[in-house]
Amino acid sequence: MEQKTGQTRQHHHRGQWASKAGFILATAGAAIGLGNLWKFPYLMGRNGGFQFLAVYLIFIVVLGIPVMITEMSIGRMTQKNPVNACRTINKKITFIGVLGILCAFIIVSYYSVIGGWILKYIASYITTFQAPADFSAYIAQPVEPVVWLFVFMFLTAFVCYKGTKGIERASTVMMPGLFVLLIILIIRSVTLPGAIEGLRFIFLPGDGGFNANSLVAAMGQVFYSLSLGMGITITYGSYLRKEENIPKSCATIAGLDTMAAVMAGLAIFPAVFAFGLEPAQGQGLVFETLPRVFSELTGGAVFAILFFIMMFFAAITSVIALLESVASFFIDSLGWTRNKAVILTALAAFLLGIPSALSYGALEDIHILGYSVFGFMEMITDNILMPIGGLSLCVYVGWFWGPGKIIAHIESSGSVKFTLKKAWIWCIRLITPVLIAVITVMGFINVYQYITA
């Protein structure tokens, strides 16, 4: 009786999703971010369009969903943050949770820099009806990027300050809003003269651009896009009711995430091809190429505002999840109040983000292993922390702890039947670890080649 009371108190202390829809939208919001609306389109542009999309969809099924099911089940089973969840299963794998929390914290710092850029563009279009005159000149400034970084971080902390209720309320507004804005932008994009070339690029096999590195890029993008290995899914799973169908929820979230990525391509590429611009750019695709497109459109400033508001929704819902994951560790492990945990975590992430915000200007001459500060932060999370954590978790669950424990937990309510459990076991034991190992090895090879170039 005493143990049950203690669990109840802990459960109440951690909070709980008020509804299934709120949970789905919050978790989808965590997954649907700049990786979908910014990174996915330019990766498609660099890697052959349709071919990249096809292998990406395959990897969503055999890599993304199995890992998501595993992480979410561990979160709900232990009712704890990523570090304590892994420690509860086995003290020897506590490092997996630590990697997730560290990864989340680093991503918050540099991801919020991009969030600040988005806010700057929204403010610029609202006040001057056009984008900043020169994106490269703007991000090289010594003060303004840091100011917008602070504003973005403040807004993120404000939502997390309210706990699961705040996150759920923000997500139930922003996620539907994001898809509505995407639909509006798609309609405008595909009705442009010459937009058909963009549609062909997305949905028909092309002649070039796709190679072995494209396969690795697609696998890595699945990991990044679904926010795996960052502790988010474990954290959000710990707020989940026992009656929820985890495999079905994960499939729904992955479906929404993929839909957002494809819709982003539909919103961007027809317009890019219609104006004869280059689709295979990096950050310039959103912050340089698309503003040129908007400047040529009738009412372009309005569509630009809608586009960057959509980008803001995607960015902040992801950073909210990342910040919540880190804050939950301090709440559970150190006994901090939510207010203290959120404020101090946000402040620390802001301070860590300042060098990234200045890495294109005041700190442009500072390099770590040949990378800019921003590039180093991105490299260490994408190529090292996320894949190592994900690989370790899959190997431990699949071969040491036993997948049967996950299956038993998923079906423990009696109302949920894990119909694809055999396929999940195959994935978590063999297919998924091999794919993640490939991502990890290629990531280290790319880092080595970059350093020695």
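This is a predicted model: local features need pLDDT of at least 70, side-chain atom pairs count only at pLDDT 80 or more; totals for chains, interfaces and linings use all residues.

Biologist: OK, how many aromatic pairs does the structure hold?

Modeller: There are 26 of them. Take Y121 and F135: their ring centres are 6.2 Å apart and the planes sit at 65 degrees, so that pair is edge-to-face.

Biologist: And which helices do Y121 and F135 lie in?

Modeller: Y121 is in helix α6, residues 94-128, while F135 is in helix α7, residues 135-139. The pair therefore ties together parts that are 14 residues apart in sequence.

Biologist: Is Y121 buried or exposed? What about F135, buried or exposed?

Modeller: Y121 is buried, at 1% relative accessible area. F135 is buried too, at 4%.

Biologist: Next pair, then. Why do F418 and W424 count as tilted?

Modeller: Their planes are at 50 degrees, with the ring centres 5.9 Å apart, so the pair is tilted. Edge-to-face would need over 60 degrees, and stacked under 30.

Biologist: How about burial there?

Modeller: F418 is buried, with a relative accessible area of 3%, and W424 is buried, also with 3%.

Biologist: Back to Y121. Which residues form one aromatic cluster with Y121?

Modeller: F135 is one of them, and the cluster also takes in Y110, W117, Y125, F287, F294, F307, F308, Y360 and F374.

Biologist: Changing topic: which ring does the charged end of R429 sit over?

Modeller: The ring of W399, with the charged end 5.1 Å from the ring centre.

Terms used. Residues are numbered from 1 along each chain as its sequence is written. Side-chain values use heavy atoms; hydrogens and water are left out. Rings of Phe, Tyr and Trp (its six-membered ring) pair if their centres lie within 6.5 Å; planes under 30 degrees apart count as stacked, over 60 as edge-to-face and the rest as tilted. Helices (H or I, at least four residues) and strands (E, at least two) are DSSP runs, numbered from the N terminus. Buried means under 20% relative accessible area, exposed over 50%, partly exposed in between (1.4 Å probe, protein chains only). A charge sits over a ring if NZ of Lys or CZ of Arg is within 6 Å of the ring centre and within 35 degrees of the ring normal.
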